[in-house]
Amino acid sequence: MWASRQPDAPELFDLRADPAERRNIAAEQPQMVAMLKTHITAHMQHVADTMPADAIIAPDLDDEIVGRLRDLGYME
C-alpha cells in the first residue's frame, strides 16, 4: 500500500498468505519495496507530465462533505 502522507512507512502484504493484510512484510522485503517505490514514483511523474494543465478542476464541496472526507482520512 502506498500512503502519500507517509511515504517512508511502506506496507507490503502477501495477499495469498495474509488476505486480511494483518502482517506487514515490508521490512522483510526491502528489494521489493524499493522496486515498487521506483515504479510508483515513475508512474506519478508520468501522470504529472502528461496531465493537461486545465484538467484539474476543484470540486465544490460543502462543509458536510469536507467533514465526512476528513473523518474518512481523505483530507487533513
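Patches are made of residues with over 30% relative accessible area and no salt bridge, where like charges are joined within 9 Å and nonpolar side chains (Val, Leu, Ile, Met, Phe, Trp, Tyr) within 5 Å. The structure is a predicted model, in which local features need pLDDT of at least 70 and side-chain atom pairs count only at pLDDT 80 or more, while totals for chains, interfaces and linings use all residues. Residues are numbered from 1 along each chain as its sequence is written, and side-chain values use heavy atoms, with hydrogens and water left out.

One nonpolar surface patch, of about 500 Å², is made by Leu61, Ile65, Leu72, Tyr74 and Met75. Accessible areas come from the Shrake-Rupley method with a 1.4 Å probe, and for residues only the protein chains shown count as cover. Leu72 is exposed, because its relative accessible area is 62% (buried means under 20%, exposed over 50%, and partly exposed in between, with a 1.4 Å probe and protein chains only).

The secondary structure comprises 2 helices and 0 strands; helices (H or I, at least four residues) and strands (E, at least two) are DSSP runs, numbered from the N terminus. At the start of helix H2, which covers residues 63-71, a side-chain oxygen of Asp62 lies within 3.1 Å of the backbone nitrogen of Glu64. Asp71 also belongs to helix H2 and is exposed, because its relative accessibility is 71%. The C-alpha atoms of Asp71 and Asn24 are separated by 24 Å, the two residues being 47 residues apart along the chain. After H2 comes Gly73, with a positive phi near 90°.

Side chains of opposite charge can pair when their charged atoms come close. A salt bridge is counted when a side-chain nitrogen of Lys or Arg is within 4 Å of a carboxyl oxygen of Asp or Glu, and the count by this rule is 2. In one of them, Arg68 meets Glu64 at 2.7 Å, N to O; both residues lie in helix H2, 4 residues apart, about one turn of the helix. Arg23 forms a salt bridge with Glu28, with the closest N and O atoms 2.6 Å apart. Arg23 is partly exposed, because its relative accessible area is 48%, and Glu28 is partly exposed at 47%.

For the chain as a whole, the C-alpha trace spans about 45 × 30 × 20 Å along its principal axes. Of the 76 residues, 9% count as buried.

How values were computed: A polar contact is a pair of N or O atoms within 3.5 Å; within protein, one must be able to donate a hydrogen and the other to accept it, and residues adjacent in sequence count only if both atoms are side-chain atoms.
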